[in-house]
Amino acid sequence: MKGAGADTCVQEQPAVMIKLKDVVKNYGRITAVAGVSFQVLQGEIFGLLGPNGAGKTTTIRMLTTLTRPTAGELYVAGYPVATCPVEVKKRIGVVPQQNNLERELTGRENLLLHALLHRMSRVERERRIEELLDYVGLSSRADERVQHYSGGMARRLLIARALLHCPPILFLDEPTIGLDPQTRRKIWDLIQLMNRDGMTVLLTTHYIEEADSLCHRVGIIDHGRLIALGTPAELKERLGNYCVEFLNEQGTERHFFATRSEAKAYAQSKECDTVVRRTSLEDVFVELTGREARELASVQKVIYR
Amino acid sequence: MRVPATTGGVRARCFLPPWYPIIWEEMIYWRSKFWLYLATYMLSPMLFLLSFGFGVGRRLQMIMPGGMSYLDFLVPGVVALALFNNGVTSVTVRMFYTRLHFQSFEAYRLAPVSNFSICLGYTLAGAMRGLLAGLIVLIMVFLLVPGLKLNWPFFGTMLLASLCFGTFGVLIGLCLRSFDDQALVSEFILVPITFLSGTLIPVERLPGFLQHVVWLLPLTPAAELLRTTLTGNGFNWRLAAVLGGWSVVLFTLGWLRLKILDG
C-alpha cells in the first residue's frame, strides 16, 4: 500500500478493496473511532456490527470521503481516500442510513440526477435507469414524487441510485433500519444478488440476524475500537458453539460450551428449566460489547471454554 | 429476478459540465413551481414601486441629490433588490434544507464532482433565480413607468450582480447550522443590506459614518452601477471591479467553507 501522503492516484492491488490502518477520528475531546484497522477483500460482504454510537457510521463516512480522519490511512479500490477522493467516489455506491433523496423530484428524476452527477452518457443513463427501476420493483411508481414513497420504496430507490454507475464497491449504512420483515428480506436478496455479480459490500448494522445471514466476515466495533473480527462461525466458535440458557432470580443466565455433550451435561446438572441451543452471533455481540450487561444489570453471563 | 450489471464501472461519458446537474435540478423546481415563483418575484417589487415610487415618491423628491426624479432613482434600486433578495435567498434556503433538513446535499458530495463545481453550480442556480426575478421586475416597470430606455451595459450589470449575489447565497447557505441561524442571517444581514445599500434611499442621505460603511456591502455597488447604466451615465468600471471583487472573495470563502465541511 502506498502512504497516505501520496499525491498521485496510483491504483493498488485490487484484491484488497477496502483497507483501514490505525484510523482515528476525534470530534473535539470525543473519540468516535480509536485506531481501527481491517481489510475487506474483493467479492466479500463485510459487516460492521456495533451498538449505537460505536463508530460504525463515522467509519463509513471516512471511507466514503465525507469525513476526514484525524489520523490513519484509508484505501478504497486501491486509492488513498485522503488524496484521491474523486477516484474513490467513482468506484463506490453509498446507501446512507437516512433517506437523502430529493423529495421534490420523482424516483426517475432522482436517478437521472445521480446519472448526470456521474456524467453517464444519455444512452447509458436511460438504459441503466430502466434496468434498475425494474430491478428494485419501482417501474410503476417511477414518475411519482419521492415524498409520496413509503420507507421501503425509498430504501429500494436508494439502492438503485447507489448501483446506477456500476460501482465495484457498495457501502450500506443500516440498510434495513425501520423496515418491515418482508421488505427487509427483499433487500437482503438484493444485496446477495449484487454480491453474486462480484460486488464488494460493506454494511453496518445492529441487526445481528442480518449480519449472520448476509456477511462473509464480521467486525464488531464498540467505543470506536474493533474488538472482534472473523466469520460469524469463527466468532461463535471462539465463544463456544453451544449455549445453555436459564432464568434465575437475577435474570437470564447463559453458559457457553465447545461441544453439545458438555452443554447437555451441564444442563442436566441444573435443577431449573434450561434451554440448550447453538450459540448465535447475538450471544457473541452481547458478550463482547457488554451492552446488555451495561443496560440490564440483571443479566449474568459465564463463559466456559 | 433478472440482475442488471452491478459492477464494471461506466464507460461512455457525457460532455456536460460537472456543475450542470445542480442547474438541471433547479430547472425541475422552476417547472413544478413556476407560477408560485412568478407571484413571489412580483409581489415585493410591486409594493416598493407602488408605495415608495407612486405613493410617497413625490414627497421624497426633496431628498434626491442633484434634483433626480425619485422614480428614476427607485427603479434600478428595485431591480437590484430583486436580484439580491431572490439570488441570495433561493440558494440559502435550498442549501439549508438540502444540507440540514433532508440531507440530500450529501448526494452531491458523494458524487465525483469537485467542491469548486458544487460551489459554481449553486452560484449559477442562485444567479439564474435572481436574473429571472430581475427580468420580471423589468417587465413590470415597463408597464408602470413608460419611457424607460434599457441598454446592454444595464443587462451586463444585472448579470454581474446576480453572479455576485449567487456567491453570497452559497456562502451563507454553507455557514448555516440551524433554523435559528437562518432567522439571524435574515434579521442581521439581509434586511440591513436591503435598506442601507442605496436601493430605496440615496447613500448620501444616510448618517455620516454609514455612508462609508455601506460601500462594504455588495448591494451598494450593484445598485449604483445599475443606476448609472440605466440613466445613461456610462458603465462605471470601478464599480464593476468592486462587484467583481466581491464575487471572487465570496466565491472563494464559500469554496473554503465547503472544504472545511469535509473535515
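Reply: We begin with burial: a residue is buried if 20 or more other C-beta atoms lie within 10 Å of its own, exposed if 12 or fewer, and partly exposed in between, with C-beta atoms placed from the backbone. Helices (H or I, at least four residues) and strands (E, at least two) are DSSP runs, numbered from the N terminus. This is a predicted model, in which local features need pLDDT of at least 70 and side-chain atom pairs count only at pLDDT 80 or more, while totals for chains, interfaces and linings use all residues. Residues are numbered from 1 along each chain as its sequence is written, and chains are lettered from A and ligands numbered from 1 in the order in which they are written.

Me: Which residues of helix 8 of chain A are buried?

Reply: In helix 8 (residues 232-239) of chain A, the buried residues are A:P232, A:L235, A:K236 and A:L239. They span an arc (taken from the directions from the helix axis to the C-beta atoms) of only 100° around the axis, which places them on the same side of helix 8 of chain A. Just after this helix, A:G240 has a positive phi of about 125°.

Me: Which residues are buried in helix 10 of chain A?

Reply: Helix 10 (residues 281-289) of chain A buries A:L281, A:D283, A:V284, A:F285, A:E287 and A:T289.

Me: How is the packing of two helices described?

Reply: Two packed helices are described by the angle between their axes and the distance between the axes. Axes are lines fitted to C-alpha atoms, for helices over the stretch in contact, and angles run from 0 to 180 degrees between N-to-C directions. Helix 5 (residues 152-175) and helix 9 (residues 237-262) of chain B pack at about 25°, with axes 8 Å apart. They are therefore roughly parallel (angles under 35 degrees; over 145 is roughly antiparallel, 65 to 115 roughly perpendicular, the rest oblique). Their contact divides into 17 nonpolar, four polar and one charged residues. Here Ala, Val, Leu, Ile, Met, Phe, Trp, Tyr, Cys and Pro count as nonpolar, Asp, Glu, Lys and Arg as charged, and the others, Gly among them, as polar.

Me: At what angle do helix 8 and helix 9 of chain B pack?

Reply: Helix 8 (residues 219-230) of chain B packs on helix 9 of chain B at about 145°, with the axes 9 Å apart. B:P221, B:A222, B:E224 and B:L225 of helix 8 meet B:L239, B:A240, B:V242 and B:L243 of helix 9. This contact has seven nonpolar, no polar and one charged residues.

Me: How many residues does each chain give to the contact between chains?

Reply: Chain B gives 34 residues and chain A gives 40. On the side of chain B that touches chain A, helix 1 of chain B provides the largest share, seven residues. That side comprises 20 nonpolar, nine polar and five charged residues.

Technical notes. Two residues are in contact if their C-beta atoms, placed from the backbone, lie within 7 Å.
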